[in-house]
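Please look through the sequence and the model below before reading on.

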Amino acid sequence: IANSSGPARPRNIGISKSVGEYICFLDSDDLWCPNYLESILRHCESYDFLCTGAYLVRGPVKTKIIPRLKQKFPESILLKGNPIFTSSVTIRKDVIIQNKLSFNENKDLSSVEDLELWLRLFLTQKIRFKLLREALIYYKVDSESLSHKDCEGYIDKHKKLFKIFEGSINIGKHEYYNYLKYILAVILLKNNKIIQGISQVF
């Protein structure tokens, strides 16, 4: 696949060629737990969008992460720097097609294209959303990934993302600056291999 915009284009091609009722994502460096599909299928008929917790893996270190989304929604997923692991997401295909949605292939949003799509989706219509409070995927934390190669560039992308949605979601300046500090803290934790601390910021 000709790809100059990170994972967005391959994901969009996959969505366009899919024939099933549901779409599940799995990035090449992540893994589903053996019971992932079984656990998801129990809830598919009742929800449009499902996601789960994850085991963050770096070398021999494995840390269980269950995102907390108790704040106002969808503001909370922006303020938490995208606590939704894309490889944990299962979504009804018709929700994407009917709303004419896709991952943004603009390279300026590469590495935050998933969060951008989730926000557009949740703002487009009332989505039946469920977070399964189980770790059902293995998410590889890699300092060479798009999210962590360039700390300043990654924060700049989140600033651009905030600008896109600042008129649609209710976030004050104080929350915004705390959000940027949060993003920086997560990047530093991951780049310095302090995996244990990540569970405290989700």
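A polar contact is a pair of N or O atoms within 3.5 Å, where within protein one atom must be able to donate a hydrogen and the other to accept it. In this predicted model, a polar atom of the side chain of serine 87 lies 2.9 Å from the backbone nitrogen of aspartate 27. Serine 87 is placed in the loop between helix H3 (75-79) and strand S5 (90-92), and with a relative accessibility of 2% this serine counts as buried. Once its neighbours within four places in sequence are left aside, serine 87 is in contact with Phe25, Leu26, Asp27, Asp30, Trp32, Tyr36 and Ile137.

The aromatic pairs come to a count of ten. In one of them, phenylalanine 49 and tryptophan 118, the ring centres are 5.2 Å apart and the planes stand at 85°, so the pair is edge-to-face. This pair links distant parts of the chain, since phenylalanine 49 belongs to strand S3 (residues 49-58) and tryptophan 118 to helix H5 (residues 113-124), 69 residues apart. Phenylalanine 49 is buried at 0% relative accessibility, and tryptophan 118 is buried with a relative accessible area of 0%.

Tryptophan 118 also forms an edge-to-face pair with phenylalanine 103, at 5.8 Å centre to centre and with 70° between the planes. Phenylalanine 103 lies in the loop between helix H4 (93-98) and H5, 15 residues apart from tryptophan 118, and is buried with a relative accessible area of 1%. Over the face of phenylalanine 103 lies arginine 11, at 5.1 Å from the ring centre. Ring pairs join Phe25, Phe49, Phe103, Trp118, Phe122 and Phe129 into a cluster.

Key: Residues numbered from 1 in each chain as written. Predicted model: local features only at pLDDT ≥ 70, side-chain atom pairs only at ≥ 80, totals over all residues. Heavy atoms only, no water. Helix = DSSP H or I, 4+ residues; strand = E, 2+ residues; numbered from the N terminus. Buried < 20%, exposed > 50% of the residue type's maximum accessible area, 1.4 Å probe, protein only. Contact = heavy atoms within 4.5 Å. Phe/Tyr/Trp six-rings, centres within 6.5 Å; stacked < 30°, edge-to-face > 60°. Lys NZ or Arg CZ within 6 Å of the ring centre and 35° of its normal.
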